[in-house]
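Look at the sequence and the structure below before reading on. The notes that follow are meant to be checked against both.

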There are 2 protein chains.
Amino acid sequence: MSLILTFLGKGGSGRTTIAIAAAKKLASQGKRVLLAAEDTGPALGLLLGTSLSSEVQQIATSLDAVQLKASALLERNWEEVKKLEAQYLRTPVIKDVYGQELVVLPGMDKALELNALREYDASGKYDVIVYDGSGDVTTLRTLGMPESLSWYSRRFGKLITESDLVKTVSPFLQPLISTVLNVSWTGDNFSQPTGQVNNILEQGKAALADPKRLAAYLVTTDDPIAIATATYLWGSAQQVGLNVGGVLFNQTATAPTIEEFSPLTVSAIPNTSAGDWQPLIDALPDFTQVTQVPKPIEVDVANRQVKLFLPGFDKKQVKLTQSGPEVTVEAGDQRRNIFLPPGLSGRTVSGAKFQQGYLIISF
Amino acid sequence: MSLILTFLGKGGSGRTTIAIAAAKKLASQGKRVLLAAEDTGPALGLLLGTSLSSEVQQIATSLDAVQLKASALLERNWEEVKKLEAQYLRTPVIKDVYGQELVVLPGMDKALELNALREYDASGKYDVIVYDGSGDVTTLRTLGMPESLSWYSRRFGKLITESDLVKTVSPFLQPLISTVLNVSWTGDNFSQPTGQVNNILEQGKAALADPKRLAAYLVTTDDPIAIATATYLWGSAQQVGLNVGGVLFNQTATAPTIEEFSPLTVSAIPNTSAGDWQPLIDALPDFTQVTQVPKPIEVDVANRQVKLFLPGFDKKQVKLTQSGPEVTVEAGDQRRNIFLPPGLSGRTVSGAKFQQGYLIISF
């Protein structure tokens, strides 16, 4: 299992440069590092001074790099899908469609990226994977997919398995779906979270919740818009349950004290000329030290409270709705569905207030 | 019908600032303008000096603005989906799922954005829609969706309609799908493009192909990485058939001559202090003048040639594969499937060469 590190912030604030410096720092500490870039454009290659491709290549001692090219990933995964289809469908329909002709649709790229990260993580080859994503809400939605997909299967699973439509097709699809998700497709499995780390989604959720497995850092410059964007992404990250470990204040000799980022540690990253990595490497925090960061969610059944850490938002930017055993919290452009535990399930929300960056919901 | 304008370039090169200036310029020319922003973070509001939301609001004479908030769009569209389901399925399964609890998955956001643009376009309220998207390959994939989805339905449609699985479910789904896509779900419709502008996808493809309906401009600064990224996006835009009208060279008094951007017109956009819009507005080109831009694709049946404009790529970055009546061209992280017309269909690719930014494929 690896630590997956990623960087959030406004475009142009230096995320990719910092991702490279972080990868170099960790490799110099003896960690086995993979630098995995979402953008298949020329930027990363120019910054590194070497051309990259969709095949993993070693670029320095203990340091590999790869561009997560969606079309190549789609081609690779398609062959697996075809094998499964041939195995489970009596008359396979997609066997004549070739991986190299498939066009990437929005969303496919992100699912494929997340799956690639999962595979690199599971390979056991890397201590740290530095993921240079788009660093915005899309990155958050991508990392939040295990949680979102679990919600969809929980919410729709029972409805769908009871429908005429699915009763009709299930003899065709059941073995296929069971294999892909490693779950049995019954109403019970979807009616409530099982709490077992027994499938790919539960494993993804477990990784997301653990700051030793997945952590994000905010990157900003002194541009007020970059600071406001970093704050917004910090709050939005909590909505998918992603731990944010600190702030990297780029292109500055000394980091200013910025009230909005409390209680995060702010590191000053100096402005250097292209290719001069050492000052950046020296200025970065030790990513292997697990920092004490506020937990995105704390449930206190005894006091009938759910505490959500939601920095950067105020009460009028947050919307609460309740439906059955779930409470939906909307903040920014992210929704989070909280499945209430037995002690709170069935109770109605009686109040909500903001206190020191926390949204406290009472029942 | 509106002109939809968008800007491509590296993050931090000033795309959003230029989008605002472009919207202001067009409004001052008496056009009815909508500024539609993908990013729901605080950046656009701070630059405009006003807070925005997912509801369209007037921010100046002839100028409206909206944030394309995916969760709000999903909620709105969900009610439509439920109505269709209730109308066509004997036992609706999703009627108890509420729009305000739905979580946005990667890809949904883009499909919803494109649909929102389509609706604003069709509303007849705007002469120009300035779309401030992520300005990268994701924006290209989003705008290319009508083409990509058409390909999927063409390629998979016949296979799927002939499968046991679909023969079983089609009594349930056929009316629903026919309504949504406004096509009848028969093998014939998918076996080859009909050439008729008779459905939502064909309309989208027609808009994409017409520089009076949809045009992109490249934004760059003098940073070599920003220039390389703009060039890469220019080539990638051709792969989805998006016309690129020119280059906006930001933060400069006089635009340098850059060989890579030939034959595009390069406009120098000066560096101004925040809120000083007039110098930017004055420096921008006239977006309503249709520029002579190279067509992304030209098919010459007589000479048995297909010419693809692919600036920024060379022969070794391009991969060609042929399968049935289609040729797949892969460049960057984009694939384009070209359906060969009758005179070329059935012929094998006999050669391919690069000439002045064009990939010329001979049959």
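This is a predicted model: local features need pLDDT of at least 70, side-chain atom pairs count only at pLDDT 80 or more; totals for chains, interfaces and linings use all residues.

Residues are numbered from 1 along each chain as its sequence is written, chains are lettered from A and ligands numbered from 1 in the order in which they are written, and side-chain values use heavy atoms, with hydrogens and water left out. Helices (H or I, at least four residues) and strands (E, at least two) are DSSP runs, numbered from the N terminus.

**The sheet of 8 strands in chain A**

- Chain A has an open sheet of 8 strands in the order 3-4-2-5-1-6-7-8, and its pairing is mixed; two strands pair if DSSP finds at least two bridges between them.
- Strand 3 (57-60) and strand 8 (266-269) of chain A each have a single partner strand, so one side of each is left without a neighbour in the sheet.
- From one strand to the next, the twist averages 25° (axes are lines fitted to C-alpha atoms, for helices over the stretch in contact, and angles run from 0 to 180 degrees between N-to-C directions).
- Strand 1 (residues 3-8) of chain A pairs with strand 5 (residues 128-132) of chain A over 4 bridges, in the parallel sense.
- Within strand 5 of chain A, A:Ile129 is the residue opposite A:Ile4.

**Helices across this sheet**

- Helix 1 (residues 15-28) of chain A lies across several strands, including strand 1, strand 2 (33-37) and strand 4 (63-67), and runs at about 170° to strand 5 of chain A; contact means heavy atoms within 4.5 Å.
- Helix 10 (residues 224-239) of chain A lies across strand 1, strand 6 and strand 7, at about 160° to strand 6 of chain A.

**The sheet of 4 strands in chain A**

- Another open sheet of chain A has 4 strands in the order 9-10-15-14, with antiparallel pairing.
- Its edges are strand 9 (297-300) and strand 14 (351-355) of chain A, each with a single partner strand, so one side of each has no neighbour in the sheet.
- Here the twist averages 15° from one strand to the next.
- Strand 9 and strand 10 (residues 305-309) of chain A pair over 4 bridges, and A:Glu298 has A:Lys307 in strand 10 as its bridge partner.

**Contact between chain A and chain B**

- Chain B gives 67 residues to the contact and chain A gives 67 residues.
- About 5,800 Å² is buried between the chains, and carbon and sulfur atoms give 64% of that area (buried area is the accessible area, with a 1.4 Å probe, that two parts lose on being put together, summed over both).
- B:Glu101, B:Pro106 and B:Arg335 supply 12% of the area that chain B buries against chain A, more than any other three residues.
- The interface holds 8 salt bridges (a side-chain nitrogen of Lys or Arg within 4 Å of a carboxyl oxygen of Asp or Glu).
- A salt bridge joins the side chains of A:Glu330 and B:Lys69 at 3.4 Å, N to O.
- On the side of chain B that touches chain A, helix 6 (residues 145-161) of chain B gives the largest share, 8 residues.

**Backbone details**

- The peptide bond from A:Ser262 to A:Pro263 is cis, with omega near 10°, and A:Pro263 is in the loop between strand 7 and strand 8 of chain A.
- In chain B, a cis peptide bond joins B:Ser262 and B:Pro263, with omega about 10°.
- A:Arg304, a residue other than glycine, has a positive phi near 50° and is in the loop between strand 9 and strand 10 of chain A.
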